[in-house]
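Reader: Walk me through this one feature at a time, please, and tell me how each is read before you give me the case.

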Amino acid sequence: MCRYFIRLGYRGAPFHGWQIQPNAVSVQEEVEKAFTTVLRVPVSVVGAGRTDTGVNARTMYAHFDFDGDLPDKDRLLVSLNRLVGKDIAIHDIISVPDGSHARFDATERTYKYFVTFEKTPFFYPLSWYCPGRLDIGRMNEAAGLLMETDDFTSFAKLHSDAKTNICKVKHAKWTMEGDSVAVFTVTADRFLRNMVRALVGTLVDVGRGKLTVDQFKDIIEKKNRCSAGQSMPGEALFLWDVKYDYIK
């Protein structure tokens, strides 16, 4: 039995998240169905994480096991991409050492959240429209505090099954792309459910002047989700990259 990683991407809107669930269409289910059809044996895949309903992935990894030699990779990718439909793209299949794990072996993950200040029919499906400017400098001052803490209870989904709310944020910064798009990029060793959307919602409150940087710091220290801002819409959030020591 050999283990393989799948590198894929998807648009989140048509799916109820990554993970298989009853009476709902998920990315994991569609990928498993495609592999099972092409390889003619039941195939189960394990993802690097569980994106929520509507959340996109520019880069997601998943692993599966297969006994025997895979078909020619180029032909296999063509067949799989025909089956998964237009909202999922399977980019590569990579042979990895036995025991490699798409979720537990990931050394860091990067998310991006896109905000547009211009109302346009071309941006809205994959960004959040903000009618009014935000103070990017103040938001970055607040975002810098995320690298000084490791307890993100204030931004964790209530009543989740997470065993710990400890994360190590390595990078957190807002940047402007042109005059009308702001992007929040955050990299950490792991993320909690809803964490990035809660962070963005609270940082937007800082950018609007509803919170000071000191108040943002207080929210972190309170370790209380009810003190933080709203969870932002999922369609503007992208799992951007996942890193592994053995994949370059």
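Reader: Which residues is Asp-241 in contact with, once its neighbours within four places in sequence are left aside?

Author: Contact means heavy atoms within 4.5 Å. By that rule, Asp-241 has Thr-59, Glu-108, Arg-109 and Thr-110 as partners, leaving aside neighbours within four places in sequence. Asp-241 itself sits in strand β9; helices (H or I, at least four residues) and strands (E, at least two) are DSSP runs, numbered from the N terminus. Before we go on: this is a predicted model, where local features need pLDDT of at least 70 and side-chain atom pairs count only at pLDDT 80 or more, while totals for chains, interfaces and linings use all residues. Residues are numbered from 1 along each chain as its sequence is written, and side-chain values use heavy atoms, with hydrogens and water left out.

Reader: Which side chain does the side chain of Asp-241 make a polar contact with?

Author: A polar contact is a pair of N or O atoms within 3.5 Å; within protein, one must be able to donate a hydrogen and the other to accept it, and residues adjacent in sequence count only if both atoms are side-chain atoms. For Asp-241, the partner is the side chain of Lys-243, at 3.2 Å.

Reader: And Asp-92, is that buried or exposed?

Author: Buried means under 20% relative accessible area, exposed over 50%, and partly exposed in between (1.4 Å probe, protein chains only). Asp-92 has 17% relative accessibility, so it counts as buried. You'll find Asp-92 in strand β4, residues 88–96. Its side chain makes a polar contact of 2.8 Å with the side chain of Lys-73. Sequence neighbours within four places aside, the contacts of Asp-92 are Phe-5, Ile-6, Arg-7, Lys-73 and Leu-77.

Reader: What about Ile-247: where is its place?

Author: Look in the segment after β9. Ile-247 has 13% relative accessibility and therefore counts as buried. Beyond four places in sequence, Ile-247 contacts Phe-5, Tyr-61, Ile-94 and Val-96.

Reader: Asp-98 next. Which residues does Asp-98 touch, not counting those up to four places away in sequence?

Author: Those are Met-1, Cys-2 and Arg-3. Asp-98 is in the loop between β4 and β5, and it counts as exposed because its relative accessibility is 64%.

Reader: Now the helices. Which residues of α5 are buried?

Author: In α5 they are Val-213, Phe-216, Ile-219 and Ile-220. Down the axis of α5 these fall within an arc of 110°, so they line one face of the helix; the arc is that of the directions from the helix axis to the C-beta atoms. Asp-214, Glu-221 and Lys-222, on the other side of α5, are exposed. The cover over the buried residues includes α3 and α4.

Reader: And which are the buried residues of α3?

Author: For α3 (residues 136–143) the set is Ile-136, Met-139, Ala-142 and Ala-143. Their arc around the axis is only 120°, which puts them on the same side of α3. Among the elements covering them are β7, β8, α4 and α5. The N-terminal end of α3 is capped by Asp-135, with a side-chain oxygen 3.3 Å from the backbone nitrogen of Gly-137.

Reader: How should I read a positive phi?

Author: Most residues other than glycine have a negative phi. Here, Asn-23 has a positive phi near 60° and lies in the loop between β1 and α1. Arg-40, in the loop between α1 and β2, has a positive phi of about 65°. Lys-223, which follows α5, has a positive phi near 55°.

Reader: Last one: what volume does the largest pocket have?

Author: Rolling a probe the size of a water molecule over the atoms shows where empty space is left. A pocket is an open set of points on a 1 Å grid over the protein atoms alone, where a 1.4 Å probe fits, with protein on both sides within 12 Å along at least five of seven lines; lining residues have an atom within 4 Å of a point. Points are joined across faces, edges and corners, and the volume is the space filled by probe spheres set on them. The largest pocket comes to about 870 Å³. Of its 35 lining residues, Ala-48, Gly-49, Arg-50, Arg-103 and Phe-191 lie nearest the centre. At least two lining residues come from each of β2, β5, α4 and β9.
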